[in-house]
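Please examine the structure shown below together with its sequence. The briefing that follows treats the ligand, a pair of helices and the backbone in turn.

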Amino acid sequence: MIIGAGIVGLSHAEEAVRAGMTVAVVERSSRQVGASIRNFGHICLTPQSGPAKELTEQSRQRWLRMSQAAGFWLRESGTTIVAKRAEELAVLTEYVDSGGDPGRAVLLDADQVLQRAPVDPGGVLGGAFLPYDLQVDPREAGPAVSRWLATQGVDFYWRTAALGIETGVVHTGRGSLRAGRIVVATHYDIDELFPAIAEQAGIVRCRLHMARVAADLRGPLATPLFTGWSLLRYSGFTATSAATALRDRLASERPDALALDLNQMYTQRPDGSLIIGDTHLREVDAPPFQSEEGFELLLELTRALFGVPLRVLERWQGIYASSPGQEFVVAEPMPGVQVVVVTTGIGMTIGPGLPRLVFDGSSR
Ligand SMILES: Cc1cc2nc3c(=O)[nH]c(=O)nc-3n(C[C@H](O)[C@H](O)[C@H](O)COP(=O)(O)OP(=O)(O)OC[C@H]3O[C@@H](n4cnc5c(N)ncnc54)[C@H](O)[C@@H]3O)c2cc1C
């Protein structure tokens, strides 16, 4: 029995079905509404490191398999990174030259960046391309997986909240359900069912400004697009010695953006609209009020980068679990009950890589 129908829960359901288990998913909402549909759909495998990196191959395979079986849009797009500052090029050069991932990161000159990303050519120095990465449409992928799993015999209990869990039993608002094995994938709401695990791991809620805009771009955005701000985020880039100088430069140029913990990045949905984001604010709770400042910053930087007017179609607040010092938490609070939470903004990237680790202790 899996609790939570986000990408982490659904990936565990898929693994369990493949292993021949009888599977049910308990989800408190009537459909997916969590982080798994609010994100960029960027499967950012390349610049991970450490234990997260070990999950990426398994995750990539699961995404490709699920897309084929469930019939949702996925492209083997890679990721493009645009550099407009010498410090950004220095991080990328060091990262590519470090050779940790042969063939999975190449430097681009300015023309090659412009072939992949319809940004304003002014000030583009070059960039990099990460061919191994993937892109999905987050609004389509999870729902397609749950529909497909239902055809494979998985029982879905929608609008059914898990209220308490013991070995072999899930107590829900609709009565108790029995299961030999229980996986709890309720993301940041793990503090409702297992507050001690959340407190011990320091899990809090990280809130993000996100928007979808219409824009008459110079051409299609063929891949997810990172900027220099993204190089301060993903562990493969932050491990470079050049990252410190980049951080100093961005901090002196845009202290307002640094204060909002900006990651300026983009993906284009199949309908042509652009998902833009994001900012980060960490607290135990997730109050509903979002400052307009974050949206203004995103729109200002997006107009400047692409050099075209924008029309906002939607704004939303994304929330993900955040914990200092670890990118995911796997715990067994009682026999036969496993908790799995991705504790930074890479659950689409590593979530589908976690089931093997959770079920049999192997990430391969
Ligand atoms: C704005 C934003 C952008 C992001 N961009 C990216 C990206 O581009 N690439 C990337 O790799 N990652 C990204 N992430 C992170 C990624 O989206 C998350 O790490 C991932 O979706 C977490 O998946 P999940 O299944 O654990 O959580 P969720 O998708 O949040 O699902 C948890 C589910 O559990 C259910 N639930 C909770 N409590 C109960 C209960 N008691 N009973 C029953 N059901 C319950 C909830 O209703 C929910 O459906 C982003 C996140 C955000 C917010």
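A residue is counted as near a molecule or strand if one of its heavy atoms lies within 4 Å of it. By this criterion 36 residues surround the ligand, and the closest are Glu27, Ser36, His42, Ala162 and Thr349. The model is predicted, so local features need pLDDT of at least 70 and side-chain atom pairs count only at pLDDT 80 or more, whereas totals for chains, interfaces and linings use all residues. Residues are numbered from 1 along each chain as its sequence is written, and side-chain values use heavy atoms, with hydrogens and water left out.

**The ligand and its surroundings**

- The shell around the ligand has 16 nonpolar, 16 polar and 4 charged residues. Here Ala, Val, Leu, Ile, Met, Phe, Trp, Tyr, Cys and Pro count as nonpolar, Asp, Glu, Lys and Arg as charged, and the others, Gly among them, as polar.
- At least two residues of this shell come from each of H1, helix H2 (35–38), strand E14 (204–215), strand E19 (310–322) and helix H14 (347–350). Helices (H or I, at least four residues) and strands (E, at least two) are DSSP runs, numbered from the N terminus.
- A polar side-chain atom of Glu27 lies 2.6 Å from an oxygen atom of the ligand, and a polar side-chain atom of His187 lies 2.9 Å from an oxygen atom of the ligand.
- A polar backbone atom of Ala162 is 2.9 Å from a nitrogen atom of the ligand.

**Helices H1 and H4**

- Helix H1 (residues 7–18) packs against helix H4 (residues 56–70) at an angle of about 80 degrees, with the axes 12 Å apart. Axes are lines fitted to C-alpha atoms, for helices over the stretch in contact, and angles run from 0 to 180 degrees between N-to-C directions.
- H1 is therefore roughly perpendicular to H4, a term used for angles of 65 to 115 degrees.
- Ile7, Ser11, Glu14, Glu15 and Arg18 in H1 meet Arg62, Trp63, Arg65 and Met66 in H4, where contact means heavy atoms within 4.5 Å.
- The residues of this contact comprise 3 nonpolar, 1 polar and 5 charged.

**Backbone features**

- Gly277 and Asp278 are joined by a cis peptide bond, with omega about -10 degrees. Asp278 is found in the loop between strand E17 (274–277) and strand E18 (281–283).
- Arg159 has a phi near 50 degrees, a positive value in a residue other than glycine. Arg159 is placed in the loop between strand E9 (155–157) and strand E10 (162–166).

Key. Parallel < 35°, antiparallel > 145°, perpendicular 65-115°, else oblique. Polar contact = N/O pair within 3.5 Å; in protein donor to acceptor, adjacent residues only side chain to side chain.
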